[in-house]
Amino acid sequence: MAVGLEHFLILSAVLFAIGLYGVLAKRNALVILMSIEIMLTAVNITMVAFSRYSHVISGQVFVIFIMVVAAAEAAVGLALIIAIYRSRKTVDAEKFDLMKW
Amino acid sequence: MIFAIILLPLFSFLVISFVLRPFFNNRPQLSAYTTICAIVGSLILSIWALISVSGAENHVLTSTSYQWLAIGDTVINIGITMDSLAAIMVVTVSTISLLVQIYSIGYMKGDGGFARYFAFMSLFTASMLGLVLADNLLFLFLFWEGVGLCSYLLIGFWFHKPEAARAAMKAFVVTRLGDFGFLVAIIFLYVKTGTFDIGELHELALAGVLGGSTLTLAAIGIFSGAVGKSGQFPLHTWLPDAMEGPTPVSALIHAATMVTAGVYLVARMFPMIASSETAITVVAIIGGFTAIFAATMGLVATDIKRVLAYSTISQLGYMMLGLGAVGIGYASGHLDGHHALTLGVAVAIFHLFTHAFFKSLLFLGSGSTSHATGTFDMRKMGGLRKVQPWTYVTFVIGSLSLAGIWPLAGFWSKEGILHEAHAYTPVLFWLAIITVFMTAFYMFRVVFLTFHGEYRGGKEGSHSHGLHESPKIIIIPLVILAIFAVIAGWLPVGDFLGADVNFSFFGALTSWLAWVSLSLGIAGILLAYIIYGRKLLSAKSIGQSLGPVYTLLIRKYFFDELYERFFVMRFLVDGIFAAFQWVDTYIVDGSVNGIATITVAGGKVMRKLETGQLQVYGLAIFIGILAIVAFLLIFS
């Protein structure tokens with residue numbers, strides 16, 4: 001069975017769905033952050049796949065950029081979570097309700 | 001040149017207001033002299049105009065008119081009518097005004113508002129002269145309102161007195177009711193005929209182009225303006241209260257400006273109003289009724305100026321009756337065309353002319369008594385005959401003239417009106433003839449109470465500064481007016497206005513009507529003498545025996561109560577204003593507040609959605625994206 005574009009896309013969709021589920025359902029802020037990374041990875045896979053099948057290299061270049069930005073973003077996200085933990089002694093997302101009415 | 005008659009006093013007003021008052025306030029006499037000079041100028045020009053008119057063809061001076069406004073195709077001109085009616089009026093107005101101004105120098109001496117007073121007086125005179133000379137209704141209405149404004153300013157001249165401020169407001173509002181009708185009539189006429197020009201309107205009415213209910217409504221509308229200005233029933237209530245103003249103002253209002261404007265308006269519009277039998281009947285009935293109605297209130301009033309005010313209302317009623325009676329004769333076909341139209345005007349304006357002299361004389365005389373006693377309440381006067389001989393003599397001459405005693409001025413003009421009333425309106429004639437008796441009675445009641453008997457103390461709490469005759473500057477106008485009050489009836493004013501009256505000094509005494517009215521007049525004087533001079537009959541016991549009637553009269557038929565309690569309080573305040581307030585509170589405010597309440601309530605419900613939970617928001621975004629994608633997939 002030859003591995004075609006659709007396999008990459010299915011993998012990407014599954015990863016994206018898993019990530020989305022994690023973001024929406026998990027309570028731990030760290031897990032949410034990790035789930036966001038999974039979603040980003042899913043998108044990266046899509047881009048690489050399309051880049052490979054349409055013979056345009058710039059897609060893969062963009063993926064490198066995205067990974068760099070994602071690393072920076074993860075650092076910022078972790079820092080925020082640590083800051084929240086310090087002030088509220090919890091990383092439970094449901095307890096973060098300052099924006100509540 | 002004729003424009004200058006109006007412009008001189010107007011100019012004097014401007015000079016006093018903008019130059020003399022701000023910069024020469026330490027020399028207020030200057031403003032009096034400015035006013036007097038301007039009015040002397042007007043008087044000279046008026047007399048010149050009178051002479052020119054009498055020499056002119058058809059007694060009309062033509063003059064150029066100037067464009068005032070152009071709105072689209074509508075051009076409104078300002079022009080002057082100088083015919084015999086206008087000529088008589090301008091001479092009367094400027095003569096009375098001049099004498100009143102001279103008197104005012106003495107009367108208003110030392111008053112803080114001296115310059116302001118003369119500025120207003122100038123404007124008042126200018127407005128009245130303009131009203132008389134205007135040749136179209138719109139231009140006339142401008143001055144008409146000017147007169148109304150000045151009367152407001154002058155009645156409320158001592159505005160720090162609450163009664164004066166109230167009286168001024170009352171005069172303004174009550175006359176405004178009539179003016180509203182007048183304005184509506186002007187607009188209505190313009191819509192129907194396309195012209196404001198008085199001459200054209202008369203031609204249309206006489207030719208029958210303007211007729212039927214249109215003419216009747218317009219004529220009644222114009223007459224309602226006259227009712228307001230001339231204090232005719234049912235808008236008479238402002239005039240007695242207008243006595244709060246300085247006495248010379250009362251004299252001017254009652255004799256020359258303001259109230260005579262109503263009679264003048266009806267006279268000016270006479271060909272038009274008389275073309276409608278309904279309208280002219282209304283004029284006659286209102287006039288005849290007002291004459292006796294006001295006279296009855298004059299019988300019991302205790303304030304000397306109020307008696308004179310009721311007398312003015314009553315006399316204006318006579319003038320309206322004169323116009324109405326001749327008009328009815330014309331409308332019913334008893335009188336032929338042109339002659340009837342000039343006869344009505346002549347009869348009424350002749351009475352206006354003589355009345356101007358003796359009424360201003362009486363007012364200025366009452367001011368002179370007040371100058372000595374500090375009050376206008378006749379119960380506190382008495383015995384002034386000895387201290388104020390000049391005032392006394394002139395006042396008696398004025399009273400005799402008003403009572404219609406031969407051969408004084410009032411006799412002649414009153415006979416004219418009675419004669420016409422007898423010929424065309426028999427019922428109103430009897431009212432008028434009873435009024436003759438009442439007039440004589442109340443005037444001599446004033447004379448006996450004020451000048452005879454013992455002095456009864458004057459103003460309460462005033463330290464007696466000794467009764468004295470008024471200064472010369474007050475006496476001289478009185479004497480001049482007294483001379484006119486005697487001779488004004490001998491002048492051929494009626495002839496000049498176009499009624500061919502056969503004036504004969506002794507011939508007048510051959511008619512039975514003259515004897516009836518004369519004997520009634522003398523009877524009135526005698527009755528006043530018996531009650532108030534000799535005190536053979538006690539006024540108090542008569543008043544008590546007539547209990548309810550006396551109360552009715554002294555309370556002015558409860559008209560003030562009717563208007564203020566019922567009409568203003570019940571109808572306006574409790575009715576219309578309450579309804580407006582209800583609409584304002586519940587509909588206008590209600591809708592605004594309602595929208596706000598709904599928004600707030602909606603917000604309260606909606607904000608429950610804002611849980612502050614990141615994941616809930618994320619889920620909402622996800623569902624939203626799904627919905628958009630689904631939408632695109634289905635519909636693309």
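Two strands pair if DSSP finds at least two bridges between them. Helices (H or I, at least four residues) and strands (E, at least two) are runs taken from DSSP and numbered from the N terminus.

The structure is a predicted model, in which local features need pLDDT of at least 70, side-chain atom pairs count only at pLDDT 80 or more, and totals for chains, interfaces and linings use all residues. Residues are numbered from 1 along each chain as its sequence is written, while chains are lettered from A and ligands numbered from 1 in the order in which they are written.

Chain B contains 26 helices and 4 strands. Its C-alpha trace spans about 120 × 65 × 55 Å along the principal axes. Of the 636 residues in chain B, 51% are buried (20 or more other C-beta atoms within 10 Å of the residue's own, with C-beta atoms placed from the backbone).

| Element | Residues |
|---|---|
| Helix H6(B) | 162–193 |
| Strand E2(B) | 66–71 |
| Strand E3(B) | 74–78 |

Strand E2(B) is hardly covered, with 0 buried residues among its 6. E2(B) runs antiparallel to E3(B), and 5 bridges join the two. B:Leu69 has B:Ile76 in E3(B) as its bridge partner. The two strands form a hairpin with 2 residues between them, and B:Gly72 in the turn has a positive phi of about 65 degrees.

Helix H6(B) has 32 residues and reaches 46 Å from its first C-alpha to its last. After H6(B) comes B:Gly194, with a positive phi near 75 degrees.

Technical notes. A residue is buried if 20 or more other C-beta atoms lie within 10 Å of its own, exposed if 12 or fewer, and partly exposed in between; C-beta atoms are placed from the backbone. The expected span of a helix is 1.5 Å times one less than its number of residues.
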